[in-house]
Amino acid sequence: MSLLFFKRVLANPVRVGYIVPSSPFLTLKTARFIDFSEPATVVELGPGEGCHSRRIARKMHPDSRLILIELDDQFAAHLEKQFAHDPRVTVVHGDALHLAETLQLHGVGEPDYIVSGIPFTIMARELREQLLASIARSMGPRSKFITYQATLRLGTHHHFELVRSNHCLFNIPPLHVMELNKTAAVPAL
């Protein structure tokens with residue numbers, strides 16, 4: 001665990017959401033839900049110190065894009081330094097609640113993948129529903145929402161349908177990695 005991660009957990013444990021960064025086992029399982037064989041636009045919400053971001057950037061196609069949207073200013077600054085020499089990676093210090101506007105600003109109509117470990121189950125219900133609606137509205141018919149969570153509850157959320165899942169025991173806490181499609185009931189932008 002990096003000193004930055006430890007400081008951010010102490011400063012705002014609810015916003016960070018986890019007590020330790022994602023394990024290499026979890027980042028590997030999550031990356032397996034993404035097809036890296038061709039160019040894609042991947043958006044990561046709440047990348048923190050960049051455990052998943054680094055693995056995605058290493059594996060992604062040379063013509064792919066990775067857009068990292070981070071609310072915490074110190075994590076965002078850390079990510080900017082970390083990916084300063086990779087033109088495929090864009091770091092946005094912003095709020096995932098404004099996902100559609102952020103994507104439009106960066107010339108993205110419908111991302112191929114949205115990846116996030118934001119701990120939806122510990123959020124206030126109203127905020128969680130706003131954020132999930134923002135994600136669903138930003139997805140196209142072929143977009144995939146890849147998320148890692150403590151429960152499979154999102155797989156039955158009215159905005160999403162579960163395509164597949166995989167459990168990662170070797171993480172603190174153990175988490176489920178899920179691939180979700182948006183349901184037809186979600187209005188387009």
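This is a predicted model: local features need pLDDT of at least 70, side-chain atom pairs count only at pLDDT 80 or more; totals for chains, interfaces and linings use all residues.

Colleague: Which residues line the second largest pocket?

Modeller: The lining includes Asp35, Glu38, Pro39 and Ala40. Also among the lining residues are Glu110, Tyr113, Gly140 and Arg142.

Colleague: How many aromatic pairs does a search of the whole structure find?

Modeller: The search finds 3. In general, a pair of aromatic rings is described by the distance of the centres and the angle of the planes. The ring centres of Phe120 and Phe145 are 6.3 Å apart and their planes stand at 80 degrees; because an angle over 60 degrees counts as edge-to-face, this pair is given that name.

Colleague: Where in the chain do Phe120 and Phe145 lie?

Modeller: Phe120 is in the loop between strand E4 and helix H7, while Phe145 is in strand E5, so the pair links parts of the chain 25 residues apart. Both residues are buried.

Colleague: Which aromatic pair is tilted?

Modeller: Phe145 and Phe160 form a tilted pair, with 5.2 Å from centre to centre and 40 degrees between the planes. Phe160 belongs to strand E6, 15 residues from Phe145, and Phe160 is buried as well. Phe120, Phe145 and Phe160 form one aromatic cluster.

Colleague: What lies over the face of Phe33?

Modeller: Arg164 does, at 4.4 Å from the ring centre.

Terms used. Residues are numbered from 1 along each chain as its sequence is written. Side-chain values use heavy atoms; hydrogens and water are left out. On a 1 Å grid over the protein atoms alone, a cavity is a set of points where a 1.4 Å probe fits but cannot get out, and a pocket is an open set with protein on both sides within 12 Å along at least five of seven lines; lining residues have an atom within 4 Å of a point. Rings of Phe, Tyr and Trp (its six-membered ring) pair if their centres lie within 6.5 Å; planes under 30 degrees apart count as stacked, over 60 as edge-to-face and the rest as tilted. Helices (H or I, at least four residues) and strands (E, at least two) are DSSP runs, numbered from the N terminus. Buried means under 20% relative accessible area, exposed over 50%, partly exposed in between (1.4 Å probe, protein chains only). A charge sits over a ring if NZ of Lys or CZ of Arg is within 6 Å of the ring centre and within 35 degrees of the ring normal.
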